[in-house]
Protein chains: 6
Amino acid sequence: MSAPISRYPVPSLESLPEDIRARILAVQEKAGFVPNVFITLAHRPDEFRAFFAYHDALMEKEGGLTKAEREMIVVATSGANDCLYCIVAHGAILRIYAKNPLVADQVAVNHRKADITPRQKAMLDFALKVALASKEIGDEDFASLKVHGFTDEDAWDIGAIAAFFALSNRMANLIAMRPNDEFFLMGRVPRQK
Amino acid sequence: MSAPISRYPVPSLESLPEDIRARILAVQEKAGFVPNVFITLAHRPDEFRAFFAYHDALMEKEGGLTKAEREMIVVATSGANDCLYCIVAHGAILRIYAKNPLVADQVAVNHRKADITPRQKAMLDFALKVALASKEIGDEDFASLKVHGFTDEDAWDIGAIAAFFALSNRMANLIAMRPNDEFFLMGRVPRQK
Amino acid sequence: MSAPISRYPVPSLESLPEDIRARILAVQEKAGFVPNVFITLAHRPDEFRAFFAYHDALMEKEGGLTKAEREMIVVATSGANDCLYCIVAHGAILRIYAKNPLVADQVAVNHRKADITPRQKAMLDFALKVALASKEIGDEDFASLKVHGFTDEDAWDIGAIAAFFALSNRMANLIAMRPNDEFFLMGRVPRQK
Amino acid sequence: MSAPISRYPVPSLESLPEDIRARILAVQEKAGFVPNVFITLAHRPDEFRAFFAYHDALMEKEGGLTKAEREMIVVATSGANDCLYCIVAHGAILRIYAKNPLVADQVAVNHRKADITPRQKAMLDFALKVALASKEIGDEDFASLKVHGFTDEDAWDIGAIAAFFALSNRMANLIAMRPNDEFFLMGRVPRQK
Amino acid sequence: MSAPISRYPVPSLESLPEDIRARILAVQEKAGFVPNVFITLAHRPDEFRAFFAYHDALMEKEGGLTKAEREMIVVATSGANDCLYCIVAHGAILRIYAKNPLVADQVAVNHRKADITPRQKAMLDFALKVALASKEIGDEDFASLKVHGFTDEDAWDIGAIAAFFALSNRMANLIAMRPNDEFFLMGRVPRQK
Amino acid sequence: MSAPISRYPVPSLESLPEDIRARILAVQEKAGFVPNVFITLAHRPDEFRAFFAYHDALMEKEGGLTKAEREMIVVATSGANDCLYCIVAHGAILRIYAKNPLVADQVAVNHRKADITPRQKAMLDFALKVALASKEIGDEDFASLKVHGFTDEDAWDIGAIAAFFALSNRMANLIAMRPNDEFFLMGRVPRQK
């Protein structure tokens, strides 16, 4: 009864272009397994390269947001878009970065009640408005971020992560991407060192 | 009373990395002007590169969809997301590719009443479901496409374009990207050679 | 592949009652063509008379709103209702009245980003609330208009135009009224004298 | 604590143009009181004339719909638009025409559960789609009406009544039109001759 | 054409457990008839007992809300949920408790325009937010109640009544519970003693 | 930064009526801790008693649904209502009953993609319609259940569980009920005996 990891053909590692195979092997080395987003999107090599270049440009850059905060944005907006893969996989990463086994489930369901700072709540308010009603974004939204010390460049980061996962959530839902079983438990057990 | 082209600083061409400047000059050469999406997104070079790599992978690839059909997807989903830049700029491109001065406005407002084929209506039904309710995409949606001769790879193309412009629409709304004045008229006058 | 101008029979000019034919000929004289709203609604003479009497009472009266502002209300609320005929036909009229080739597309998609005054944005906020959530109209909405110098009679004008086009948009969608090709280009070329 | 009958000035009968006064006196003669829609809309004589001309053209014409059925459309769509005046005033008229003290409350809340015929349910399905999602009206909706014996002209009647009360509901909400106390009880007591 | 009172079998009084029969007979004694909610829910005795125990705990307790105010909450939230049984039956009770033949219809459609106090409007704003968007309830909502003198315990009462009728409305809609004819007229005639 | 378990005072076990204390001690005995729903709702003893009587009548009765299926309904509808407490606490119970560490997260986000049977998907379709659009429940929904072998009594069970958690979700959101930390991990580790 367990569903396949993608509605589309999943390539074998050997069949992939060298750069993509190298990237996937590096991830496997680090994580201990290959997250399904890599191997399922590799069905389209050019799109794969652009997707991860974009991802890295947003998630691994320097700036005013911590890595855990970037993942909070992913989890909160994926929750609003009901994307199982992104909630589960990025929820795991958020738990690890935040060293907090509870925050991912909280943020995915209702950031208003999560154990996060008022500054982080303002960040997620902005991200969710970009995700759900970007037409209505205006000066007052940027002003609400400034109250908490976010710069305009931070606002771009927040909004761009929400925008990128608008794409990512839709791709995962389109191909029925299945989260790896490993993600469900990662970061939940306190002493996971 | 006319708004700036972006809420963010707009770089000068000279200040840009060589590859980005070259890309922009090439577009200017072809179009006769620099579409604002290029110069405004160049504020973030790494994101610029990923954005256009992704765009090209989807919009310039071979496949079962014509160039005009790809632009229809952009215009219809951007209409649903109320993104002025994308409706106006891609509406212009659609008019030119389709050699039809009316179709862009029709598709942006209500594809059900547009002068397009039943096959194209089914394509836009699928694209709009990915744009607005990707959680609910299921076997029956792929089956509806098959009735009109679309393959699974065509379905990926349709859905991925809708997903990419989910990102693009949100970025344009986030930075208040302004369409170039030139786009509003392009492709409307029959004999525009 | 081009659709008919109405789902219903379209009367010949000769078959129409004298007063209706006269009105249509006068419009044709002025515009150079017969806008489809006239000839398609003439299928029902009594409703035609009431429709245009109402239209004229709202759109050609004296008052605190300019003719261009009245058309802005039509275009913004028709955009919210996704009515192709009204967006295209009244968009043309708005471009001409405002002597501005861009404003109609801007207002139809997102008045928050349009090249209009803060007073006009407040006017369209009010109009859109009447169009979309009239149940919630209250003292605070009238107060927001007063800040910009609108009187209670101006508020009636704004709300009544939004209400009338709530009817008009639904009639156009009901009968699948098609905009005349002429409207798509009108007012877009600067020197159209 | 009882609210005024309109947010706007209410004219005295004597101050009104002769034709409007005559119409109002005739209604008063028949109903025993002046329904507030007449005296509150008389604040704007030209709009008053067009409003009631339109109303009469739709509600008093011959055709495939009974008078009770026309009022059902008014009550069902006014329920969907949360317009107190129209639900209460036309609910009273519906009870009288249908000689049924229960049907108005049923139809205002949920026509699916009302004591009406399957044909009337199909009629109200169509009317509510025009009221709430006219953009999506298509061939299949006309076909659903035909199954129950409705002609295309009946479909125009149904849709046009829904469209006219889209206007009427918004005007009543705009001016905070208050239903006359008399309407609440009318047609509820079996023997009200 | 009149629908049955429930989609499910309706037990005879004699077939019911003693405590349930006693409760129903007591209601009949007081009201003069058996409201359908009693006899239809008696199909499931254990759920019946819990339902009415919950109802009584909320509706018959002491506290800062009058009985009429508790019924206002029921009618307003049942209006938002489109539950015919609860609007009609509790509307009747509200008219009687409030000694006001108009208030129930007003509150069911739009409490903003009802003849109630500003304090009662704030109470219904809170109740409707619990009914429709409980996820968003926060400190600011409790603060809005305090402005009008409501305590935190009053807030629990308001929210719990809205929550209980979220259940009740769904049960009534699930089983297609029909309001007794008697309710439609109760409390409408001023001198009904 | 960790929020309290309720917005309201939480009673000490000793201060509670004997029957409520006994119930809570029994749960603690079995679970190893006191789930917060017990101790926070005990703030109102009468409502507590009715709440758990209702809960037990629905969740512990015999019938066509397994215990795991009942919990699926809770988790799916609580997901739709964004209720953190119910998703987390009942998600834990579902994982244990179903002996499946993945199913709770799947069902909370999107039951269409969960590893459940087509019969269970039909069950959740029905439950979600009761939760979100009970007004529209009709014969066709009962027919869809019958296709999968569900009886009318099963349909009552499904709908009543969805209705009860419509109440429960709103109460939890109203008082900001916090899930116990223990629930987040329960049932996730295969061999958790």
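Trainee: Where does Lys99(B) lie?
Mentor: Lys99(B) sits in the loop between helix 5 (84-98) and helix 6 (103-109) of chain B. Helices here are DSSP runs of H or I with at least four residues, and strands are runs of E with at least two, numbered from the N terminus. This is a predicted model, in which local features need pLDDT of at least 70, side-chain atom pairs count only at pLDDT 80 or more, and totals for chains, interfaces and linings use all residues. Residues are numbered from 1 along each chain as its sequence is written, chains are lettered from A and ligands numbered from 1 in the order in which they are written, and side-chain values use heavy atoms, with hydrogens and water left out.

Trainee: What is the phi of Lys99(B)?
Mentor: Lys99(B) has a positive phi of about 50 degrees, although it is not a glycine. Most residues other than glycine have a negative phi.

Trainee: Buried or exposed, that Lys99(B)?
Mentor: Lys99(B) counts as exposed because its relative accessibility is 76%. Buried means under 20% relative accessible area, exposed over 50%, and partly exposed in between, using a 1.4 Å probe and protein chains only.

Trainee: And what about the phi of Lys99(C)?
Mentor: Lys99(C) also has a positive phi of about 50 degrees without being a glycine. Its place is the loop between helix 5 and helix 6 (103-109) of chain C. With 75% relative accessibility, Lys99(C) counts as exposed.

Trainee: Staying in chain C, at what angle do helix 4 and helix 5 of chain C pack?
Mentor: Helix 4 (residues 67-80) and helix 5 (residues 84-98) of chain C pack at about 155 degrees, with their axes 9 Å apart. So helix 4 of chain C is roughly antiparallel to helix 5 of chain C. The axes are lines fitted to C-alpha atoms, for helices over the stretch in contact, and angles run from 0 to 180 degrees between N-to-C directions. Angles under 35 degrees count as roughly parallel, over 145 as roughly antiparallel, 65 to 115 as roughly perpendicular and the rest as oblique.

Trainee: Which residues make that contact?
Mentor: On helix 4 of chain C they include Lys67(C), Glu71(C), Val74(C) and Ser78(C), and on helix 5 of chain C they include Ile87(C), His90(C), Leu94(C) and Tyr97(C). Contact means heavy atoms within 4.5 Å. By class, the residues of this contact are ten nonpolar, four polar and two charged. Ala, Val, Leu, Ile, Met, Phe, Trp, Tyr, Cys and Pro count as nonpolar, Asp, Glu, Lys and Arg as charged, and the others, Gly among them, as polar.

Trainee: Now chain E. How far apart are the axes of helix 3 and helix 9 of chain E?
Mentor: Their axes are 10 Å apart, and helix 3 (residues 45-59) of chain E packs with helix 9 of chain E at about 155 degrees. That makes helix 3 of chain E roughly antiparallel to helix 9 of chain E. Among the residues in contact are Phe51(E) and Leu58(E) of helix 3 of chain E, with Ile161(E) and Phe164(E) of helix 9 of chain E. This contact has nine nonpolar, two polar and no charged residues.

Trainee: What covers the buried residues of helix 7 of chain E?
Mentor: The cover includes helix 4 (67-80), helix 6 (103-109), helix 8 (139-146) and helix 9 (152-174) of chain E, together with helix 9 (152-174) of chain F. Among the buried residues of helix 7 of chain E are Met123(E), Phe126(E) and Val130(E).

Trainee: How many residues of helix 3 of chain F are buried?
Mentor: Eleven of its 15 residues are buried, so helix 3 of chain F is mostly covered. Phe48(F), Tyr54(F) and Asp56(F) are among them.

Trainee: What does Val88(F) contact?
Mentor: Leaving aside neighbours within four places in sequence, Val88(F) is in contact with Pro179(F), Phe183(F) and Phe184(F). Val88(F) is found in helix 5 (residues 84-98) of chain F and is buried, with a relative accessible area of 6%.

Trainee: Last topic, which helix holds Asn36(D)?
Mentor: Asn36(D) lies in helix 2 (residues 36-41) of chain D. At 8% relative accessibility, Asn36(D) counts as buried. Beyond neighbours within four places in sequence, its contacts include Ile5(D), Tyr85(D) and Arg178(D).
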